[in-house]
Amino acid sequence: MRRVVFVDDAPEILNHLQRTLAPMQAEWAMEFHPSATAALTAIRETPCDVVVSDMTMPGMDGAQFLGEVRKVCPQAIRIVLSGDQSPANYLRSASVAHRFLQKPFDVATLKATIEKAEALRDVLVNPALRSLANEINTLPSLPSIYQELMKEMQAPQASLKKASRIVAKDLGMVTKILQLVNSAFFGLRTHVSDPEQAVALLGFDTIKSLVLSSQVFAQFDQAQLPSFSLDELWRHAMLAGTCARRIAKETGASQAVMDEAFTAALLHDVGVLVLVANKPDDYARVLELMQSKQMPDWEAEREVFGADHAHVGAYLLGIWGLGDGIVEAVAYHHHPDDYKGSGFCAVTAVHVANAMAEAQARPRENPTEVPGLDQHYLAREQLMPQLPRWRELCIAA
C-alpha cells in the first residue's frame, strides 16, 4: 500500500479530506497532520510515498515543509493542494513540488496525479539508467544565468528591467534572443534592438527557456566527437520548439502547456549532449549503428548503453528541478504511449513536433510520411484527424 501523508492547518479541511478519501483506504495507508512540524516528525520516523500539503500554514509553510521533505525523504512524491492560485504562490511551490492541485479537488484527479508521478519516477530509476548515471563523470550544472533569472522571477517584486540586465551579462545570449525575437516565428511588426523590450515582448517563460537551452548547448565541446554535428542538433531543437508551440496553440492549449511544450522541445535532446560529452567513444558506436543498420538514435543508444537519450535527458532535467510537465515530455518524446496521462499536453506536442522536424530534415518519396509518429498513442487520444493541420504548421515553420 502507498503511504500518503496529508498536511493542512485547517481542521475542517483535514476532516473533509478524510471523508472524501475514505474510499481509498483499501489502497492507501493515509495519515492526516494539522501542522508541517508534526508531519515532518512522522516522516522522519517512517518514510512515505506521497506527501500532499497546503501552502499557507503558520510557522512552517508548505514550500518550506516540502523542501525539508525533499531532504529527509527524497523518493516521496510531493504535491501542493492549495486554494491560493497567485503567481507568487505557484512559483514558490514549483521549486519543491512535483505537482500543484487546486482546491477543491476530486479523488480521481488526485489518484491520477499520483499514478502519473509514480510512473515517471519509475522510468527515471530503472536499473540501466541508474547504472549509466553512475558511470557519467559530469552532468552539466544548471547554468548560472538561468539560476539568476529564476531567482529574479521568484522575487516578490519581479522586474523586467532586472531580468533584462541578467540576460545582457551574456553577449551571446543577448544576440540569440534579439535574433529570435526579430524572426518570423514571433511575428512582430517592429524591429527590436533593446534586451529589456525583448524580455517584455517574449515574457519570462519564453526567455527562461531560451536562456536555459542556449547555455546548455554552449557548454558542449564539439572536439570530443568531431563527427557529431552540434549545429544540426541545435537547428533541430529550435525547429521542434517552434513546431511544438504552434501545435499547442492550434489545439487551444493553455499558456502553461504552450510554455512547457516550447521548453521541453528545445531541451528534448539534451540527453544526447550528456552521452556524447561523457561517452564519446561509445557514442561513436551509436552513430555507426544508426548509419549501418538504419536505426533510430534511441534504439542504437539502448543497444550500446542500455538506456536512451530521452531518459538521460529527463533524469538531468529532474535533477535540475524543472517541472514534471517538461520532464515527462522529454522522457516520453519517442514513446508517448508509455505516458499514463490522457488528453493533449506537452508530451503530445513535443512528440509530434520532434517527429515532424526529423521528417523535414530527411525528405522522403512520400512527403506526407512521418515515420517517427506513435500511431497507437495518437489514435488512443483521438488526435489522428489533426495531423494534416499540424503538418502544415510545421512545414510553415
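Modeller: The account below takes the salt bridges in turn, then a helix beside one of them, and then the cysteines.

The model is a predicted one. A search of the whole structure finds 9 salt bridges. In one of them, the side chains of K111 and E27 meet at 3.4 Å, N to O. This pair links distant parts of the chain, 84 residues apart: K111 belongs to helix α5 (residues 107-124), whereas E27 sits in the loop between α1 (11-20) and β2 (28-33). Both partners are partly exposed, K111 with a relative accessibility of 24% and E27 with 35%.

A second pair is formed by D337 and R380, whose side chains meet at 3.0 Å, N to O. Because D337 lies in the loop between α18 (324-331) and α19 (346-361) and R380 lies in helix α20 (residues 375-380), the pair ties together parts that are 43 residues apart in sequence. D337 is partly exposed at 26% relative accessibility, and R380 is likewise partly exposed at 34%.

Salt bridges also link E250, R389 and E392 in a network.

The pair R302 and D308 has its side chains meeting at 2.8 Å, N to O.

Helix α16 spans residues 297-305, and its buried residues are D297, A300, E301, V304 and F305. These five residues lie on the same side of α16, because they cover an arc of only 110° around the axis. Just after α16, G306 takes a positive phi of about 85°.

As for covalent links between cysteines, the structure holds 0 disulfides. C48 has its closest cysteine sulfur in C73, and the two sulfur atoms are 4.4 Å apart, which is too far for a bond. C243 is in no disulfide either, with the nearest cysteine sulfur, that of C394, 3.4 Å away; the cut-off for a disulfide is a sulfur pair within 2.5 Å. C48 is buried, at 2% relative accessibility, and C243 is buried as well, at 0%.

Notes:
Residues numbered from 1 in each chain as written. Predicted model: local features only at pLDDT ≥ 70, side-chain atom pairs only at ≥ 80, totals over all residues. Heavy atoms only, no water. Buried < 20%, exposed > 50% of the residue type's maximum accessible area, 1.4 Å probe, protein only. Helix = DSSP H or I, 4+ residues; strand = E, 2+ residues; numbered from the N terminus. Arc of directions from axis to C-beta. Salt bridge = Lys/Arg side-chain N within 4 Å of Asp/Glu carboxyl O.
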